[in-house]
Amino acid sequence: MKIEVLGTGCPKCIALENAVKQAIAKSGKFVQLVKVDDIMKIMEYQVVSTPGLVIDGKVVSTGKVLSVDEVLALINA
Amino acid sequence: MWKESVDYLTNDLLHLEGHVGEAVNFFIYDTVKIWFLLITIIFAVSYLRTHFNTEYVRAHLQGKSQLYGNVLAALFGIVTPFCSCSAIPLFLGFIQARIPIGVTFSFLISSPMNNEIAIALLFGLFGWKVTAVYIGFGLLVAILGGFFIGRMKMEKYILMDVKPMEGELELIKIKLTTKQRLKESYNYTAEIFKSIYLYVVIGVGIGAFIHGYIPADFIAEYAGAENPFAVLVAVLMGIPMYSNAAGVMPLVEVLTGKGMLLGTALSFMMAVTALSLPEAMILKKILHVKLIATFFGIVGLGIIAIGYLFNFIL
């Protein structure tokens, strides 16, 4: 599984990245976490409100900081 | 009923009289009233927002004609959240979708101006009429401002080269249940409330002091009809205050009660929300200073015009 956090370095993006890290640890799964901060790459995902969350190439959330449990639910979905 | 309870508390239980009693009464009454309204309105707005994200707005603005696009963008600005930190992806993403920059600016003006905190505070402090006037004229500034910027052919001042995409946008679909939406609204409301409740206390506190101690003549002289430059000064003062809207607005209410004209107050509040320096600094990474200056200039002039218009009519 590959999770990408899309964000240009705003406080919310860092908060989401931390939530994702914790969720991955909780899930016990083997997950590759990538931080995407290149604006052109972010736009390729059609995301215009950061932070965005992409799981296995699919955009699952935009413009908000998810809680650890919410991310965990998305990982297990 | 809330008014009576506070009166009972300050008059009968605490036996506070005169200036002190008035200030304490005002402080308790206003703080709790504003807190209550903030929580209710932010919750309602954030629930509504779970149905519209910026990606949705972009897809709906694509391919719309100039003026219609401006109107639609300004209206969408009311229901979508705005964070100055996503101004860059928003701006570039809109260009990518071939949305004219004038339409993008209509959105960029309307979205922070019609934010839920400002609307909740206005409603709580000034009532629905002033709130309606604020939103109505705010939309007008956003529509006309965006329209004029669009007419000025300023595309060359965008410093980043974005390739316009081919064809129509595919909408990102994120499914949420009502329970998830409620939970999200709750979290968002709690987060916003935590970050602003103290500003409300401070703003109302200073307001209570003015309310109880500073004579009306003093304020009327500086911010009332006797000062023809009041609107101008109010707008200039409002620009650096973006993050403190929650603290500033209770103050404005007290000042209007003491003789500051409503037009001046409206201009000031619009300047606080619509023109923010942090946003300008962020946009500077992708926009030439000339374009940002034009943006601030047009919005500033519009806001000033509204202030004078209202002071003149009312």
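**Reading a two-chain predicted model**

With 77 residues, a compact globule would have a radius of gyration near 11 Å, and chain A, at 11 Å, agrees with this; the radius is taken over C-alpha atoms, and the globule rule is 2.2 Å times the number of residues to the power 0.38. This is a predicted model, in which local features need pLDDT of at least 70 and side-chain atom pairs count only at pLDDT 80 or more, while totals for chains, interfaces and linings use all residues. Residues are numbered from 1 along each chain as its sequence is written, and chains are lettered from A and ligands numbered from 1 in the order in which they are written.

Q: How many helices and strands are there in chain A, and in what order do the elements run?

A: Helices (H or I, at least four residues) and strands (E, at least two) are DSSP runs, numbered from the N terminus. Chain A has 3 helices and 4 strands, and from the N terminus on they follow the order β-α-β-α-β-β-α.

Q: Which strands of chain A lie at the edges of the sheet?

A: Two strands pair if DSSP finds at least two bridges between them. In chain A, 4 strands form an open sheet in the order β2-β1-β3-β4, with mixed pairing; its edge strands, each pairing on one side only, are β2 (32–36) and β4. Strand β1 (residues 2–6) of chain A pairs with β2(A) in the parallel sense over 5 bridges, and A:K2 stands opposite A:Q32 in β2(A). Strands β3 (residues 52–55) and β4 (residues 58–62) of chain A, by contrast, run antiparallel and are joined by 4 bridges, with A:G52 opposite A:T62. Their hairpin has 2 residues between the strands, and A:D56 takes a positive phi near 50° there.

Q: Why is α5(B) described as largely enclosed by the rest of the structure?

A: A residue is buried if 20 or more other C-beta atoms lie within 10 Å of its own, exposed if 12 or fewer, and partly exposed in between, the C-beta atoms being placed from the backbone. Since 10 of the 10 residues of α5(B) are buried, this helix is largely enclosed by the rest of the structure. What covers these buried residues includes α2 (39–44) of chain A, together with α3, α6 (101–113) and α14 (277–283) of chain B. After α5(B) comes B:R98, whose phi is positive, near 60°.

Q: Which residues have the most contacts inside the largest nonpolar core?

A: In soluble globular proteins, nonpolar side chains tend to be buried together. A nonpolar core is a set of buried Ala, Val, Leu, Ile, Met, Phe, Trp, Tyr and Cys residues joined through C-beta atoms within 7 Å. The largest one here has 104 residues, and those with the most contacts inside it are B:I117, B:L121, B:M249, B:M269 and B:A271. Leaving aside its neighbours within four places in sequence, B:M249 is in contact with B:L121, B:L122, B:L125, B:G203 and B:M269.

Terms used
Contact = placed C-beta atoms within 7 Å.
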